[in-house]
Amino acid sequence: MANPLRAEVVKLYKNLLYLGREYPKGSDYFRDRLRAAFTKNKSVQDPQKIKDMIARGEYVAKELEALYYLRKYRAMKKRYYEE
Amino acid sequence: MSGRVLVGVKRVIDYAVKIRVKPDHSGVVTDGVKHSMNPFCEIAVEEAVKLKEKKLIKEVVAVSCGPQQVQETIRTALAMGADRGIHVEVSGKDYDNMGPLQVSKIMAALAKKEEAQLVILGKQAIDDDCNQTGQMTAALLDWPQGTFASEVTLEGDKVKVVREIDGGLETIKINTPAVVTADLRLNTPRYATLPNIMKAKKKKIANVKPADLGVDMASRVEVLRVDEPPQRQAGMKVETVEDLVGKLKEAGRI
């Protein structure tokens, strides 16, 4: 296992797990898919490929943040502002 | 000017949770229900942090009133970028009866004590929908207020606030110190990610009691009863205009 990258991968996993708590389809649903995605790529050794996958994971994290923001914004807009 | 901004944050039932009324109609079920920071308070914190990042102010202090659990909400504000927190301990009956009047007295006392340049609050809480705390705080402090702010610009010792009002947008210029309440389109709050929450654990949260600030928590309002909104009646489809007129006459509408 590429050692410094391992710490980054674990950090990414924890971050995504934390973000997944609010997932609309349920945190369990999200957690199962997160574990599946990470274990599928368990044996990858090439540092470049690992970096690419970490970048993809960070992209997913950004997408989740955007999803949560939009949901909240739309809910507030619907509740408090006349359409 | 001290360059200090006070931000009030409220712990409310999460916006996505389905609210249930207690069987005895005395209130809403809160035990075991997911709570989070009021969405408008998130926008208020974001605005304060943005001002600090632009180096227009020096320190952001997050304040929340309530029992032990509000510390989570203060921690979220710290994770978003606030420098330190103040937890005003209010629990039991005092917390159940706590409303905008008591909170604004506390905010006013803290604003004076901390020599705040600006107090930023959310425009209203999604649980009580009072939309009063900001206005009352400004009145108690005799400070100008820029409410329903969709844009805030610091210009020297004045603040330019663009307000969202029924007719459109109103731009006002007020002196500091001032109270601003955040509206939905003021900014896009950042998410308090796990690394930021970890970093925020080092930041301090001070404990204060309302009595220390000389605030009387007695409520002048008594909640008599809480009910669910009436169930929405199903609509009816009609084939022709005559049917529609007939049905309306039946219902006594015309």
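**View 1. Confidence of the predicted model.** Chain B has a mean pLDDT of 94, and 100% of its residues reach 70 or more. The structure shown here is a predicted model, and as a whole it scores ipTM 0.88 and pTM 0.90.

**View 2. The place where chain B meets chain A.** In this view, 24 residues of chain B are in contact with 17 residues of chain A, and the two chains bury about 1,900 Å² between them, with 60% of that area on carbon and sulfur atoms. Between chain B and chain A there are nine residue pairs in polar contact, counted where both residues have pLDDT 80 or more. On the side of chain B that touches chain A, the helices α1 (39–53) and α6 (194–200) each supply at least two residues. Sorted by class, that side of chain B has 13 nonpolar, four polar and seven charged residues.

**View 3. The salt bridge between the chains.** The count of salt bridges between chain B and chain A is one, and the partners in it are A:Lys72 and B:Glu42, whose side chains meet with a distance of 2.8 Å from N to O.

**View 4. A salt bridge within chain B.** Over all chains the structure holds 20 salt bridges, and one of them joins B:Lys10 to B:Asp127, with the closest N and O atoms 2.9 Å apart. This pair links distant parts of the chain, as the two residues are 117 residues apart. B:Lys10 lies in the loop between β1 (4–8) and β2 (11–13) of chain B, whereas B:Asp127 lies in the loop between β6 and α5 (133–141) of chain B.

**View 5. A cis peptide bond in a loop.** The peptide bond that runs from B:Thr176 to B:Pro177 is cis, and its omega is near 0°. B:Pro177 belongs to the loop that connects β9 (168–175) with β10 (178–182) of chain B.

View 6. Although B:Glu115 is not a glycine, its phi is positive, at about 50°. In chain B, the loop between α4 (100–113) and β6 (118–122) is where B:Glu115 is placed.

**View 7. The annotated domain of chain B.** For residues 25–217 of chain B, an unreviewed UniProt entry gives the feature "domain: Electron transfer flavoprotein alpha/beta-subunit N-terminal". In the model, this span is 31% helix and 30% strand, and its end C-alpha atoms lie 24 Å apart.

Terms used:
Residues are numbered from 1 along each chain as its sequence is written. Chains are lettered from A and ligands numbered from 1 in the order in which they are written. Side-chain values use heavy atoms; hydrogens and water are left out. Contact means heavy atoms within 4.5 Å. Buried area is the accessible area (1.4 Å probe) that two parts lose on being put together, summed over both. A salt bridge is a side-chain nitrogen of Lys or Arg within 4 Å of a carboxyl oxygen of Asp or Glu. A polar contact is a pair of N or O atoms within 3.5 Å; within protein, one must be able to donate a hydrogen and the other to accept it, and residues adjacent in sequence count only if both atoms are side-chain atoms. Helices (H or I, at least four residues) and strands (E, at least two) are DSSP runs, numbered from the N terminus. Ala, Val, Leu, Ile, Met, Phe, Trp, Tyr, Cys and Pro count as nonpolar, Asp, Glu, Lys and Arg as charged, and the others, Gly among them, as polar. UniProt positions are given in the numbering used here, feature names are shortened, and annotations may be inferred rather than shown by experiment. pLDDT is the predictor's confidence in each residue, from 0 to 100.
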